[in-house]
Amino acid sequence: MQIITPVTHDLGKFQVRRALPARERTMVGPFIFVDQFGPAQLDIGAGMDVRPHPHMGLATVTWLFGGEHAGAIDHRDSLGSFATIRPGQVNLMTAGRGIVHSERSPAEER
C-alpha cells in the first residue's frame with residue numbers, strides 16, 4: 001500500500017489539495033490531476049471563485065460530493081458552455097487545443 005500526502009494550495013477562503021501528480025506515483029503520468037477541495041464553511045455572501053484559467057491537451061472531470069447542503073459549482077468556459085454542477089453530478093470538459101474556464105459558486109447559493 002502506498003500513501004501519498006497531497007500538496008496543499010491556499011485559495012483564500014478554502015484550500016485545494018492535489019494528490020496527483022506526485023513523485024511517489026510516477027506511473028500515473030504528468031497529465032492526470034486529482035484535486036480535492038472542501039469541505040469548507042464559507043461566510044454568507046461568500047463563495048468559491050476560481051478565476052478563468054487555461055487548459056490544453058487534457059480533459060477535466062468535476063464531481064461534486066456531498067449532501068443536499070453541499071452547494072453547487074457554476075462551470076463556464078470559452079466555448080460558451082455553462083453548467084451548474086450539483087452534488088452527485090459530474091461535468092466533463094475536454095480542453096483539446098485550448099480552453100479557458102472558471103468555477104464559481106452560484107449567486108443564489110452565496
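I began with D49 and R110, whose side chains meet in a salt bridge at 2.5 Å, N to O. I use the term for a side-chain nitrogen of Lys or Arg within 4 Å of a carboxyl oxygen of Asp or Glu. D49 lies in strand β4 (residues 49–55) and R110 in the segment after β9 (99–104), so this pair ties together parts that are 61 residues apart in sequence. Strands here are DSSP runs of E with at least two residues, numbered from the N terminus.

A note on the source: this is a predicted model, where local features need pLDDT of at least 70 and side-chain atom pairs count only at pLDDT 80 or more, while totals for chains, interfaces and linings use all residues. Residues are numbered from 1 along each chain as its sequence is written, and side-chain values use heavy atoms, leaving out hydrogens and water.

Next I checked accessibility for the pair. D49 is partly exposed, with a relative accessible area of 33%, and R110 is partly exposed too, at 27%. My cut-offs: buried is under 20% relative accessible area, exposed is over 50%, and partly exposed is in between (1.4 Å probe, protein chains only).

Which residues are linked with D49 in a network of salt bridges? I found R104 and R110 there with D49.

Then I moved to E109, which forms a salt bridge with R86, the closest N and O atoms being 2.6 Å apart. E109 lies in the segment after β9 and R86 in the loop between β7 (82–85) and β8 (90–94), so the two tie together parts that are 23 residues apart in sequence. E109 has a relative accessible area of 35% and R86 has 33%; E109 counts as partly exposed, and so does R86.

I also looked up D35 and R18, whose side chains meet in a salt bridge at 2.6 Å, N to O. D35 is in strand β3 (residues 34–37) and R18 in strand β2 (residues 15–20), so the link spans 17 residues in sequence. In total, I count 4 salt bridges in the structure.

Last, the strands. β4 and β9 came up again in an open sheet of 4 strands, ordered β4-β9-β6-β7 with antiparallel pairing. Two strands pair if DSSP finds at least two bridges between them. β4 and β7 are the edge strands, each pairing on one side only. I noted 4 bridges joining β6 (residues 73–77) to β9, which run antiparallel. For D77, the bridge partner in β9 is H101.
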